[in-house]
Amino acid sequence: MDTRSVIQNANPGEIDIRLTLERLLQDAQGRPVKISSLRREPSPFATLFPAEVLSVSLESGDEIRLFVKHLGPEQSDHPDKQRRDRETRVYEELLGNDDLPVPKYYGSNWNETTKRREIILEYIDDWNLKYHDLEYWFIAARRLAQFQAYFATRAEKLLACDFLIHFDASYFYEWADRALSVLRDQSAELGAEFSLAVRGYDRVAEILARQPVTLVHNDLAPKNVLADRSIHPPRICFVDWEMAGIGCGLMDLVELKSGLDPVNDQKMRMAYFEELGGTDLIPSCPRDMSS
């Protein structure tokens, strides 16, 4: 049955997504693809942009689940989220290797009906790290280290990507200045206390800026790490690349382990460092590490 006849009574937005999915799935599978049915459900994990989970039935009998993020006109007040094409280009230009800990990227499409850019990804049918035992956190730390080692050897390519944020010293200074400005507006006393707290911050910024560079997620909180336990070993997937950049990979480790008790914090760091043995991604100077 021709797909156009199947969807002739569908709304224009659904027609667009069906035709887009057929094209992208055909490219991924290398054979003709026809959709027999499509079920759409809003994702409970959508944040700034709408997102949905698609259950796709093909005429071949295959069943596929996809995650679709609809990038639109919504404005974030976060300075690192102002470039709208960043996430799409990260997936298209950097994350195509099947061995990387990310969902499979099928492609993107401009939906003229909805006026949104649709990013179409594999749906990972499991929860993020917030809902998993700590053993999965340590696995995630190892996968993060492997991921960063992979991109550390591709620094020249990363530096040529104008869509990535550059985590240089000026970036860190700007964030310190923003934080100080906000606190001073709220309270002169808080502003004075914070000013003392960041005294010497320039040294920390310089240490971070001179480390060997890799691809940095820049928002790698546990909510952005999925762990698929249906396979062994469990598959780790890093998601939401809106703020990605190039710089010191330890930034992601700090975000990932934030809030852990001292014992598990140490276990996560050791899992990460063990994977990076023989690389220069860990500062060799003990003083730099303690900073």
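Two residues are taken to be in contact when heavy atoms lie within 4.5 Å. The model here is a predicted one, so local features need pLDDT of at least 70 and side-chain atom pairs count only at pLDDT 80 or more, while totals for chains, interfaces and linings use all residues. Numbering runs from 1 along each chain as its sequence is written, and side-chain values use heavy atoms, with hydrogens and water left out.

On that basis, and leaving aside neighbours within four places in sequence, Lys69 is in contact with Phe49, Pro50, Ala51, Glu87, Arg117, Glu118, Ile119, Asp240 and Glu242. Lys69 sits in strand E3, residues 63-71 (strands are DSSP E runs of at least two residues and helices are H or I runs of at least four, numbered from the N terminus). With a relative accessible area of 8%, Lys69 is buried, a label for values under 20% with a 1.4 Å probe, counting protein chains only. Asp240 also turns up as a polar partner: its side chain meets that of Lys69 at 3.1 Å (a polar contact pairs N or O atoms within 3.5 Å, and within protein one must be able to donate a hydrogen and the other to accept it; residues adjacent in sequence count only through side-chain atoms on both sides).

As for the protein overall, there are 11 helices and 10 strands. Its C-alpha atoms fill a box of roughly 70 × 45 × 35 Å along the principal axes. Of the 291 residues, 46% are buried. Among contacts with a separation of 6 or more, 65% join residues 24 or more positions apart.

Methods
Buried means under 20% relative accessible area, exposed over 50%, partly exposed in between (1.4 Å probe, protein chains only).
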